[in-house]
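Reader: I have just opened this one and would like to be walked through it slowly. Could we begin with how far the model can be trusted?

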Amino acid sequence: FVISFLHCCFLFKISIEKCSFNTGIEGFCRSPMNCVGVNSSMESSNCSIGRSCCPERHVSEKRCHGYADAVYKQTFDTYDTDKDLEDNREDECGIAAVPLIIGGEQAEYKEFPHMVVIGYGPYLTTAKWLCGGSLVSEFYVLTAAHCLISHQGEPRFIKLGVINLGIETSKYSQVFKVSKSIPHPAYKSPNKWHDIALIRLNKKVEFTPFVRPACLDYDGEITQDTAVATGWGYTDNIIDEGSQDLMKVELDIADRSQCDKVYHEAFKGNLTDSVICAGTHQKKDTCHGDSGGPLQIVRQEPYCMYSIIGVTSFGISCGHGVASVYTRVFYYLPWLESIVWPKKS
């Protein structure tokens, strides 16, 4: 993360287009490419030209509420066998209750238990930790598609439950090998579109208060003014190493028209609703090494859970008062669900 100053402000509300089928089933209007597994013969209404009504599976919502149980640690009183199990749960929520310090600050254990760091190279002991990601299920990590390619090769290792990269292991951390890397099928490097991917782990994650999934954004409509970005990226434009400590920063969700002016050339046209821009008038920003990490908001329900609304993709320069671009999770939700929780599950 990088900090400097610019006197302007960002504010943008992202809306969604809902629809329904003649059968009464409700859904969201999406591009046909992002409506995975839909019967084309199903007639729908309400959608604008070029969009299809994509029925809601509600699987992300159900999983989100299920994963929220990991916020609590079960405790047992051997002398009170009549006590209800619900009364023996200890709250382990680590989300900070106070606003973030301007310019970003170090994260604490349990504050972002879904946060992942991705390692590259043949050996764990010499791995280069170059990208971030988010745990979204027992087996899958959400990241950026461009993080599947590096000068060190493909991603090989995943660490969870860490907030300092200088500490190889701790009693809270879990380490995994990458079983499979899955970029979005429409992503074509070095193009910036569809910069989203999933990584499957070689074994099941053990959920603890220090390691548990975040929710995929299943609401779509973003009414908050700000979101939080996390990562181990550069903290200054002039250094060439990322932070050893996991950092967090609060960013304003940026007006789309401002981003269009800046990124028109990079995208060969205006931005679409497949991305979100976020930055701040104080030039807080994500930077190199933060790629693939989450742009997130705290959910009202369920308790102590984040929604990942964006995946850190790219920016023009760190901390120069220009909002960075994040791949919008809700736009790709049907594709993500089809892999993480296929219908047979």
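Reader: What is the pLDDT over residues 98-102?

Author: Over residues 98-102 pLDDT also stays under 50, and the model has 7 contacts beyond four places in sequence for that stretch. Where pLDDT is low, the predicted coordinates should not be read in detail.

Reader: And what does the chain average?

Author: The chain averages a pLDDT of 82, and 79% of the residues score at least 70.

Reader: Okay, new topic: is Glu 92 buried or exposed?

Author: Glu 92 counts as buried because its relative accessibility is 8%, where buried means under 20% relative accessible area, exposed over 50% and partly exposed in between, with a 1.4 Å probe and protein chains only. Glu 92 is found in the loop between strand 6 (89-91) and strand 7 (105-106); strands (E, at least two residues) and helices (H or I, at least four) are DSSP runs, numbered from the N terminus.

Reader: Which residues is Glu 92 in contact with?

Author: Leaving aside neighbours within four places in sequence, Glu 92 is in contact with Val 71, Lys 73, Lys 110 and Pro 209. With Lys 73 there is also a side-chain polar contact of 3.5 Å, meaning a pair of N or O atoms within 3.5 Å, of which, within protein, one must be able to donate a hydrogen and the other to accept it, and residues adjacent in sequence count only if both atoms are side-chain atoms.

Reader: Where is Ser 189, then?

Author: Ser 189 sits in the loop between strand 12 (174-183) and strand 13 (197-201), and Ser 189 is partly exposed, with a relative accessible area of 47%.

Reader: Last one: how many residues of helix 3 are buried?

Author: In helix 3 (residues 333-340), 7 of the 8 residues are buried, among them Trp 335 and Glu 337.

Notes:
Residues numbered from 1 in each chain as written. Predicted model: local features only at pLDDT ≥ 70, side-chain atom pairs only at ≥ 80, totals over all residues. Heavy atoms only, no water. Contact = heavy atoms within 4.5 Å. pLDDT = per-residue confidence, 0-100.
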